Amino acid sequence: MAAIKVHGNPLSTASMRVLATVYEKEIDHEFVFVDMRAGEHKKEHFLSFNPFGQVPALEDGDLKLFESRAINKYVACEYADKGTQLIYQDSKKMAITSVWMEVEAQQYDPAASKLGWELAIKPLLGMSTDTAVVEENEAKLAKVLDVYESRLAQSKYLGGDCFTLADLHHLPTLHYLFGTQVKKLFDSRPHVSAWVADITARPAWLKVLALQSQQ
């Protein structure tokens with residue numbers, strides 16, 4: 001029986017983020033599908049895992065966690081001896097990685113997620129895209145990517161010389177944005193473009209996309 005259970009939906013960016021980490025760590029796990037269309041994430045059983053009613057949630061023995069980035073930090077630390085080393089043991093290197101993990105969460109993701117919602121998700125739901133929101137957040141994302149271009153000119157990955165959670169956490173939003181007009185913002189910055197090509201080709205990420213395609 002798998003020690004870890006990941007409760008989520010492969011169409012959810014947060015669920016994709018955790019699945020990518022579990023695959024990178026090569027951990028035996030069970031994926032428990034949460035039918036969000038049926039509202040399973042708002043029902044009592046799931047609320048016992050996450051009182052906010054959002055996927056994903058993780059069970060590891062008697063430990064229950066929610067919030068995808070927190071889950072990933074736990075998995076990377078608890079299973080440090082397995083699979084890809086997604087964190088550094090050296091405290092100074094890890095401090096730098098942590099900075100870029102915060103940049104992803106606080107600077108990149110707010111704009112990227114709004115763009116993904118407006119340009120990728122809304123059309124699927126038959127909703128109208130708000131062009132003003134798109135314009136505003138394209139400008140915000142462009143400024144973040146300028147910083148990334150400078151960083152990636154000096155370092156192969158955001159957190160250092162190795163692929164870490166600082167890079168991995170971008171994958172779900174990149175997946176949705178690359179099917180939209182926003183792709184040009186990444187393509188026009190050579191170091192950013194090369195970084196995206198590198199991290200999106202990782203076998204663990206391709207496993208996440210394969211799972212998503214089965215839904």
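The model is predicted: local features need pLDDT of at least 70, side-chain atom pairs count only at pLDDT 80 or more, and totals for chains, interfaces and linings use all residues. Residues are numbered from 1 along each chain as its sequence is written, and side-chain values use heavy atoms, with hydrogens and water left out.

**The sheet**

Begin by selecting the open sheet of 4 strands, whose order is β2-β1-β3-β4 with mixed pairing. Strands (E, at least two residues) and helices (H or I, at least four) are DSSP runs numbered from the N terminus, and two strands pair if DSSP finds at least two bridges between them. At the edges stand β2 and β4 (63–66), each with a single partner strand, so one side of each has no neighbour in the sheet. Neighbouring strands are turned against each other by 20 degrees on average, direction ignored; axes are lines fitted to C-alpha atoms, for helices over the stretch in contact, and angles run from 0 to 180 degrees between N-to-C directions.

Next, select β1 (residues 4–8). Of its 5 residues, 4 are buried, so the strand is largely enclosed by the rest of the structure. Buried means under 20% relative accessible area, exposed over 50%, and partly exposed in between (1.4 Å probe, protein chains only). The strand β1 is joined to β2 (residues 29–33) by 5 bridges, the two running parallel, and to β3 (residues 57–60) by 4 bridges, running antiparallel. Centre on V6: its bridge partner in β2 is F31, while in β3 it stands opposite L58. H7 stands opposite V32 in β2.

In the loop between α1 and β2, select E26. Its phi is near 55 degrees, a positive value in a residue other than glycine, and at 63% relative accessibility E26 counts as exposed. E67, in the loop between β4 and α3, also has a positive phi, near 75 degrees; at 44% relative accessibility E67 counts as partly exposed.

Move to S68 in helix α3 (residues 68–78). At 4% relative accessibility S68 counts as buried. Not counting residues up to four places away in sequence, S68 touches A14, R17, V18 and P56, where contact means heavy atoms within 4.5 Å. P56 lies in the loop between α2 (44–47) and β3, and a cis peptide bond with omega of about 5 degrees joins V55 and P56.

**The nonpolar cores**

Which residues have the most contacts inside the largest nonpolar core? They are Y108, L141, Y148, F186 and W195, in a core of 53 residues. A nonpolar core is a set of buried Ala, Val, Leu, Ile, Met, Phe, Trp, Tyr and Cys residues joined through side-chain atoms within 4.5 Å. Helix α4 (residues 91–124) gives the largest share of this core, 10 residues. Domain 1 (4–85) and domain 2 (91–202) both contribute residues, so the core lies between them; the domain bounds come from an automatic or database domain assignment.

Select F186: leaving aside neighbours within four places in sequence, its contacts include Y108, L141, L174 and V196. A second, separate core of 5 residues includes F46, F49, V55 and A57.

**Helix α5**

Finish at A139 in helix α5 (residues 131–154). At 41% relative accessibility A139 counts as partly exposed.
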